[in-house]
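The sequence and the structure come first.

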Amino acid sequence: MIHDIEPKHLYNEWKPNAVPKRSSAVVQFCGRNLLCRIDDNGLRLPSRAMFPDGDEAFTYLFELDGREYYLLRDETPREIDGWTYRDINIFRTEQPKETAFAAVSAWHLCCWYRDTRFCGRCGTPLEHDVNERMMHCPKCGNMIFPRINPSVIVAVTHGDYLLLTQYANRPGATRTALIAGFTEFGETAEQTVRREVMEEVGLKVKNLRYYKSQPWGISGGGLLLGYWCELDGDETIHLDNFELADGAWVSREELRRDYRDNGIALTSEMIARFAAGREYEPVAE
């Protein structure tokens, strides 16, 4: 998956008073578009030396493979020869994987900084804390940390068949999605699984089994929780046409012949695992 970059590692600890070096990586967005370069070495991000801005314009993000990454929060387009703006969804296709993971992780924090400028309690402009990654209100003391949104990815099985869906109102979508949805307040992840399956395809499920999790920064802070479960009762699909354009039971044989894990998403790994008949195998730590 996108975060599987071992032996490299993304260190997400906040560094107080961090100052970018000339070689530090810079992440800068204009809307959803990332300033980057794609060449024979794959996806590349610009360095601090390319920007005339003062050090105060850069916010420390994280360290990856010995290189620090900073966010340039000014979204004014920059014209740097050889560098262009590309939609953040390039993380799905570009290599090296660690740079793609850095880009989508930076997008997660960029979205949080964009949305966390004023106190939701009293309306006062927020200030960045010195000692941790947190915005605080100098007037009422409100503290706001990076947003994490738990959600579930659900593989519903029925013998040698897996339920696959296609998102509605999403150009280019194909029938390669599992049931998914955000956990709501007062709800366990297991309750989310049952609710989302019923809401989207009108089916009951049983024998829920947790699989594994994945950070999913493209959704502005998602944490995906993967679950396996089995059909309980009638197999007739009643599609929620607002959420989904299609849904069908697809055989293990068809998936084994036609489906390939993209190496990026938890969804893809779970589908490929089902195709290989490995959905009941324990996950290696």
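## Helix α1

Of the 19 residues of α1, 16 are buried, so the helix is largely enclosed by the rest of the structure. The model is a predicted one, and burial here means under 20% relative accessible area.

From its first C-alpha to its last, α1 reaches 27 Å, close to the 27 Å expected at 1.5 Å a residue. The helix also takes part in a pocket: α1 contributes 4 residues to the lining of the second largest pocket, the largest share.

## Second largest pocket

The volume of the second largest pocket is about 630 Å³. Its lining is made up of 22 residues, and the closest to the centre are L10, N12, F101, S105 and P215. At least two lining residues come from each of β6 (58-64), α1 (97-115), β15 (205-216) and β16 (222-231).

Sorted by class, the lining of the second largest pocket holds 11 nonpolar, 8 polar and 3 charged residues.

## Largest pocket

The largest pocket has a volume of about 980 Å³. It is lined by 29 residues, of which R92, Y167, R170, W216 and T267 are the closest to its centre.

Three elements, β12 (149-158), β14 (179-182) and α4 (266-275), each supply at least two residues of the lining of the largest pocket. Strand β14 gives the most, with 3 residues. The class counts for this lining are 14 nonpolar, 10 polar and 5 charged residues.

## A three-stranded sheet

Strands β9, β10 and β11 form an open sheet in the order β9-β10-β11, with antiparallel pairing. The edges are β9 (127-128) and β11 (143-144), each of which pairs on one side only.

Strand β10 (residues 135-136) is joined to β11 by 2 bridges, and the two run antiparallel. In this pairing H136 stands opposite M143 of β11. Strands of a sheet pair through backbone hydrogen bonds, either parallel or antiparallel.

## Salt bridges

The whole structure contains 22 salt bridges. One of them joins the side chains of K8 and D65, at 3.7 Å from N to O. This pair links distant parts of the chain, 57 residues apart: K8 lies in the segment before β1 (10-11), and D65 in the loop between β6 and β7 (67-72). K8 has 29% relative accessibility and therefore counts as partly exposed. D65, at 48%, also counts as partly exposed, because the class of exposed residues starts over 50%.

R78 and D74 form another salt bridge, with their closest N and O atoms 3.5 Å apart. R78 is buried at 16% relative accessibility, whereas D74 is partly exposed at 34%. In the salt bridge between R257 and D258, the closest N and O atoms are 3.3 Å apart. R257 has a relative accessibility of 51%, so it counts as exposed. A network of salt bridges links E184, E187, R195, E196 and E199.

How values were computed. Residues numbered from 1 in each chain as written. Predicted model: local features only at pLDDT ≥ 70, side-chain atom pairs only at ≥ 80, totals over all residues. Heavy atoms only, no water. Pairing = 2+ DSSP bridges. 1 Å grid on protein atoms, 1.4 Å probe; cavity = no way out; pocket = protein on both sides within 12 Å on 5 of 7 lines; lining within 4 Å. Points joined across faces, edges and corners; volume = space filled by probe spheres on them. Nonpolar A, V, L, I, M, F, W, Y, C, P; charged D, E, K, R; others polar. Expected span 1.5 Å × (residues − 1). Buried < 20%, exposed > 50% of the residue type's maximum accessible area, 1.4 Å probe, protein only. Salt bridge = Lys/Arg side-chain N within 4 Å of Asp/Glu carboxyl O.
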